[in-house]
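Please have the sequence and the model open as I talk.

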Amino acid sequence: MAEFDLTIRGGTVATAGDVARCDVGIRDGRIVALAAELPAGTRDVDATGRLVLPGGVDGHCHMDQPGGDGSRMADDFLTATRSAVFGGNTTVIPFAAQAQGQSLRDAVAAYHASADGKAFVDYAFHLIVADPTPAVLGQELPALVEKGYTSLKIYMTYEGMKLDDRQILDVFEAARATGAMVMVHAENSDCIAWLTERLEREGKTAPAFHGTSRPQVVEREATHRAIALSELSDLPILIVHVSGAEAAEQIRWAQGRGLRIYAETCPQYLFLDANDLAAPGFEGAKCICSPPPRDKANKERIWEALTNGVFQVFSSDHAPYRYDDAEGKKLKGEAASFRYVPNGVPGIETRLPLLFSGGVRTGRMSLSRFVEVTSTNPAKMYGLYPRKGTIAVGSDADLVIWDADREVTITNSILHHDVDYTPYEGQVVTGWPVTVISRGEVVVDDGALHAEAGRGRFLPCDRPNPARPKGTRAPLGPSGTFRAELA
Ligand code: URP
Ligand code: ZN
Ligand code: ZN
């Protein structure tokens, strides 16, 4: 009997730390050997001339999340995870969102029911806390953290979701006591409402005005406030989907003071801009997301923040709404104000190719940095490392074999989500995932799916932030500290 179930031979293995020519031996779904040359397995995959990377960990994506306004996401757990795996991802972390008045436990049970029997890859859940009652924070949250739901998102905007500063402090205190990671959507809600009403009075309701209603200062102010509340609570936080250079500046300032502020950006802030929102007619609605894509010059600042370490995580924020659909972008018709257009863009399948092409191929970022922000850091940040996010003996055999030279024109027809458009239509990328392996099984090979829906398993997560007794402060340190702490 062969020593390995699967041997990946002849490839160049890249992790967040190293790049080396190396074979990978896999047994029982785990990596059991790494060496210059390994014996044949029961099955061999030839990776000669290709890169072998840890499977992508998409730490921010939405699936089957109901909207309170009658909108409906195009992707359920089947189509979203199918799209994810074709894009080189082997782990996804979508959200279990609490509705007003709902128990957090019930929200989690409902999302498990949505995911059951459908996922192609492994998944964990972030919680969304929209109604932080004493029972939710005092009883439900600690019990859920104990069971492996160790991260949660809060919103500073959106009716029905947003928390005021006092509520945020309550959530931060509860998170600190349990060791959970808090993700923050940082935009000032009152400023957006005020600007939106003014624009509507002036008849400025086309999709492009979505950007005007959420200028950089709105994100910058909320980012600064979230940082202040984090400092007050002595709780590390992660600011999600940072779009503006001004918000990034606040994050860098906080990190320079030794505060543990982490941050994420997304493809829409590197590969889309305000011109896409201003496309003719209603087309700009395809790119409506919050915060919005900004001007071309801003894109360069976001690239800098991703490559120089201000941002630690690069996620898709896949929020799939169909364009030509009365439950999607056209919820209230094409003549309706931008405020009624469901927020979000699809991107779970294009995240890795876009960043590889725009980052690694252009020399903007090293291959190891690419692996770090797309796989290793999200796994560390959310308590899944080293099971996920690396290529090491003992880790799950979640791997993507990457053709660094394959040129692909992105069109919606080649993607595997259930959305009727991609905002990246026509963009040409170099570098594409050709074979995807999840827990030692070849699940995608050269454009074909070889997996059953439902093979993906739920992943309980470790606590990212060790709980500290009340009254003890975290040691202050430089912005890189999290790496040492979470390793
Ligand atoms: O516009 C966005 N980003 N929609 C998805 C929900 C969120 O706030 O992440
Ligand atoms: Zn958000
Ligand atoms: Zn999101």
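Predicted model: local features only at pLDDT ≥ 70, side-chain atom pairs only at ≥ 80, totals over all residues.

When I speak of a helix here, I mean a DSSP run of type H or I with at least four residues, and the helices are numbered from the N terminus. In that sense Ser 375 belongs to helix H13, which covers residues 367-381.

Thr 205, by contrast, is placed in a loop, the one between helix H5 (189-201) and helix H6 (208-212). In sequence Thr 205 and Ala 335 are 130 residues apart, yet in space their C-alpha atoms are separated by 8.2 Å.

Let me turn to the metal site. Which residues coordinate the zinc ion that is ligand 3? They are His 60 and His 62, each through NE2, together with Asp 317 through OD, at 2.0 Å. Along the chain, the donors of this zinc ion (ligand 3) follow the spacing H-x1-H-x254-D. The site has 4 donor atoms with angles of 89 to 121 degrees among them, and it is tetrahedral. For comparison, the ideal angle for four tetrahedral donors is 109.5 degrees. The zinc ion (ligand 2) lies 4.1 Å from the zinc ion (ligand 3).

Are the two histidines, His 60 and His 62, buried or exposed? His 60 has a relative accessible area of 0% and is therefore buried, and His 62, at 5%, counts as buried as well.

A side-chain N or O atom of Asp 317 is 2.7 Å from a nitrogen atom of ligand 1, while a polar side-chain atom of Lys 153 lies 2.9 Å from an oxygen atom of the ligand. For His 60, the distance from a polar side-chain atom to an oxygen atom of ligand 1 is 3.4 Å.

Finally, the aromatic rings. Searching the whole structure gives 14 aromatic pairs. In one of them, Tyr 155 and Tyr 158, the ring centres are 5.6 Å apart and the planes stand at 50 degrees, so the pair is classed as tilted. Tyr 155 is buried, with a relative accessible area of 4%, whereas Tyr 158 is partly exposed at 25%. Phe 356 and Trp 402 form another tilted pair, 5.2 Å centre to centre and with 50 degrees between the planes. This pair joins distant parts of the chain, since Phe 356 sits in helix H12 (residues 351-360) and Trp 402 in strand S18 (residues 399-409), 46 residues apart. Both Phe 356 and Trp 402 are buried. Elsewhere, ring pairs connect Phe 77, Tyr 111, Tyr 123, Phe 125, Tyr 149 and Phe 458 into a cluster.

Charged side chains also meet rings: Lys 286 lies over the face of Tyr 323, 4.8 Å from the ring centre, and the charged end of Arg 364 sits over the ring of Trp 303, at 4.3 Å from its centre.

Technical notes:
Residues numbered from 1 in each chain as written. Chains lettered and ligands numbered in written order. Heavy atoms only, no water. Phe/Tyr/Trp six-rings, centres within 6.5 Å; stacked < 30°, edge-to-face > 60°. Buried < 20%, exposed > 50% of the residue type's maximum accessible area, 1.4 Å probe, protein only. Helix = DSSP H or I, 4+ residues; strand = E, 2+ residues; numbered from the N terminus. Lys NZ or Arg CZ within 6 Å of the ring centre and 35° of its normal. Donors = N, O, S within 2.8 Å, 3.2 Å for Na, K, Ca; no water. Tetrahedral: all angles 85-135°; square planar, octahedral: opposite > 155°, others 65-115°. Polar contact = N/O pair within 3.5 Å; in protein donor to acceptor, adjacent residues only side chain to side chain.
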